[in-house]
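This briefing covers contacts within and between chains. It is arranged by topic and meant to be read alongside the coordinates.

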Amino acid sequence: MPKLVTGLAAPLPLSNVDTDVIMPKRFLITITREGLAEGTFADLRIDDTGANRPDFVLNKDPWNEATVLVVGDNFGCGSSREHAVWGLNQLGITAIIGTSFAGIFYDNARKNGLTLPIVTPEAHATLMELASGDKGVDILIDIEQLKITAGDFSAPFQMDAATQSSLIKGEDDTLDSLNYSDNIRAYENTLSDAMRVSVLK
Amino acid sequence: MKRTLYDKLVDAHKVCDLPDGDMLIYVDFHIMNEYTSPQAFSGLDVKKLKVWRPEAHLAVIDHVNATKSAEHHDAASQLLIENLEANCTKHDIAFYGLGDKRQGIEHVVVPEQGLVSPGMLIACGDSHTTTYGAFGALGFGIGTSEVEHVLATQTLRYKRLKTMLVEIEGDTAPSVTAKDIIMKVVQVVGAGGANGFAVEFAGPAILAQSMSGRMTICNMAVELGARAALISADEQAWRMSDGRPHGGKFRFDNEEWVSDEGAEFDAVVKISATDIAPLVSWGTSPDQSVPIDGHVPEFDDGKPAKEMAALRRAIDYMGLEAGQAVNSIAIDSAFIGSCTNSRIEDLRAAAKILKNRKVAAGVNAIIVPGSTLTRMQAEAEGLDVIFTDAGFDWRPESGCSMCLAMNNDIAMDGERIASSTNRNFEGRQGRGARTHLMSPAMVAAAAISGRLADVRDFQTEAE
């Protein structure tokens, strides 16, 4: 897992972009994680006839090459569907910069190595402006230093230590947590019988 | 030290600290559905892991199943349904599938089966798992990777949230429902206003609610960004599982499950109960709501450009005019259902308005009871007759149905729906569909009127 994430940034200033918009439900009827690039932002990207909507930023030059998004407040709100993150990854998006993200989306992103730097409203406004310029802007995100650079501009970003460490190490949380099996068993031993749920079949 | 209810719940479930700042917390009970669990089970297979404690999980079919009849699923949906059953059989997990009387929307089934009580920690791959806060239990939604984590370890990696107290001061008017209270809170706090917070609801208007009403409030707390919602456990919460299949089978009485008197919260929001009226949403975010006698917002050039653009986009998508009276908005459809409002109490409230009345000509009205047992209870009370006489399509099967349109209840482009659900997002009920959120009684009033309507007009006549 790289400690640096770089790429052309596209502006997506809408607030409250929910996971229904990121991954419409018709793409959710699947038992795998694959094939979700097509569904990502489908209703924003593609019209009824299947043609690209010319007004959507990721369909426009130069942002059709973008791998970083600068987004509005509360991105990823709504449904818990991790398909939204899988789809963004499959579309080639490696980082999303915003002022706030919905909690479940933030955690899902971490589990899949998608970097979500949280910046101040002031830094956000500058990055949005830079990303909106005719030629776009290349952004460099240093996860170790918690710093974003875009041309001459740079700003710190916020990321909790556990997410930062997870993105840097790229470990599998499930396997890593099983290293604490003894702690889990010790906790379970403190539970009375009345505190052990057993669901009727 | 004085602690909030949230902190007590986290403390009681903490297994250990992790070196990177997270902790492991123990999940007492985990619920799964057919659409956010398949990749978690395949993750176990790939990593050659088994389920840590199979008896602590329940799986139900609710998101993709048809509610017009038990059959007729397309191949992809059928695959999801069969895949969950196969995974549960393989891992020895309780499965309430189609044809099982206990089946229904997960968050309706769990309290109905007596599977939630104060002090528990409940996780589920569904954002509306905040519902269980109504019991003084810590419930929250997780992604599929976390579903895999719970299956394999019975724990989650967790970061303690900040705490917010939302206090409703005074008593609400009789026509104000739990749905109106939570829609008001979302309007005041904003759609992302509680990101990073666990929200506790307090005040007489909250504790005056039935458990059903409290569940509606905690259910929609996720629409303000809350990762957890809580209401202190009182006698009613402790007794809710009495007489139900799992009643008396477990008890988490290591704490009282209330915030200590004087415990400090990171944020406090106070809302006067007298400021809450029956509400409807007009836009495409759950915080865009107004009282039923109110208006769609006007364009105000004094507002920042970003806000104006968002306002314009929402009004355009919804096919409305700025400044339009909301009770002039004609509807195509009415939908009563969802984990927010499909319990027996919701059905009774809507039936009270519909009794001896008819749905307006041209309005497609649908009601999907939250679970098979809820439907049977409603039928025993004769509610189905009231709904069908009024012109509602009384669905024989239960599930999420038109709330998120993952089954075949998909609204058409431009179709306008008065809906007892939780999200009015663009495309939520179908591509181009226009959702107006409101209480079940308000949906009934709208169905009769053929437009968004004030439930109080019907109550005055009836009472």
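Predicted model: local features only at pLDDT ≥ 70, side-chain atom pairs only at ≥ 80, totals over all residues.

Two contacts are described in turn. Chain A and chain B bury about 6,000 Å² between them, while domain 1 and domain 2 of chain B bury about 3,600 Å². Over all chains the structure holds 41 salt bridges.

**Contact between chain A and chain B**

- On the chain A side 69 residues take part in the contact, and on the chain B side 80 residues do.
- Of the roughly 6,000 Å² buried between the two chains, carbon and sulfur atoms account for 56%.
- Within chain A, the residues that lose the most area to chain B are A:I31, A:Y187 and A:V197, which together make up 12% of what that side buries.
- Eleven salt bridges are counted between chain A and chain B.
- One salt bridge between the chains pairs the side chains of A:D43 and B:R431, at 3.2 Å from N to O.
- Polar contacts between chain A and chain B number 35 residue pairs, with both residues at pLDDT 80 or more.
- Helices that give two or more residues to the chain A side include α1 (19–22), α2 (42–45), α3 (83–90) and α4 (103–111) of chain A.
- Also on that list are α6 (161–169), α7 (173–177) and α8 (181–189) of chain A.
- By class, the side of chain A that touches chain B has 26 nonpolar, 20 polar and 23 charged residues.

**Domains of chain B**

- The domain assignment divides chain B into domain 1 (5–269) and domain 2 (279–462).
- The centres of domain 1 and domain 2 of chain B, taken over C-alpha atoms, lie 24 Å apart.
- Domain 1 of chain B puts 40 residues into the contact and domain 2 of chain B puts in 45 residues.
- Carbon and sulfur atoms give 57% of the area of about 3,600 Å² buried between domain 1 and domain 2 of chain B.
- On the domain 1 side, B:T67, B:I105 and B:M183 lose the most area to domain 2 of chain B, together 19% of what that side buries.

**Polar and charged pairs between the domains**

- Two salt bridges are found across the interface of domain 1 and domain 2 of chain B.
- In chain B, the side chains of B:E223 and B:R423 form a salt bridge at 3.0 Å from N to O.
- The interface between domain 1 and domain 2 of chain B also has 27 residue pairs in polar contact, both residues being at pLDDT 80 or more.
- At least two residues of the domain 1 side come from each of α4 (106–112), α6 (178–189) and α8 (211–219) of chain B.
- Of these, α6(B) gives the most to the side of domain 1 that touches domain 2 of chain B, with six residues.
- That side of domain 1 of chain B consists of 13 nonpolar, 17 polar and ten charged residues.

**Individual salt bridges in chain B**

- B:E148 and B:K47 form a salt bridge whose closest N and O atoms are 2.6 Å apart.
- This pair links distant parts of the chain, with B:E148 in helix α5 (residues 144–153) and B:K47 in helix α2 (residues 38–47) of chain B, 101 residues apart.
- B:E148 is buried at a relative accessible area of 3%, whereas B:K47 is partly exposed at 24%.
- B:R375 and B:E379 meet through their side chains in a salt bridge of 3.1 Å, N to O.
- Because B:R375 and B:E379 are four residues apart in helix α12 (residues 372–380) of chain B, about one helical turn separates them.
- B:R375 is buried, with a relative accessible area of 15%, and B:E379 is partly exposed at 29% relative accessibility.
- B:D393 pairs with B:R395 in a salt bridge, the closest N and O atoms being 3.0 Å apart.
- B:D393 is partly exposed at 33% relative accessible area, while B:R395 is buried at 2%.

**A salt-bridge network**

- Salt bridges with shared partners connect A:R110, A:K111, A:D173, A:D176, B:D20, B:D22 and B:R157 in one network.

Conventions: Residues numbered from 1 in each chain as written. Chains lettered and ligands numbered in written order. Heavy atoms only, no water. Domains from an automatic or database assignment. Contact = heavy atoms within 4.5 Å. Buried area = accessible area lost by both parts, 1.4 Å probe. Salt bridge = Lys/Arg side-chain N within 4 Å of Asp/Glu carboxyl O. Polar contact = N/O pair within 3.5 Å; in protein donor to acceptor, adjacent residues only side chain to side chain. Nonpolar A, V, L, I, M, F, W, Y, C, P; charged D, E, K, R; others polar. Buried < 20%, exposed > 50% of the residue type's maximum accessible area, 1.4 Å probe, protein only.
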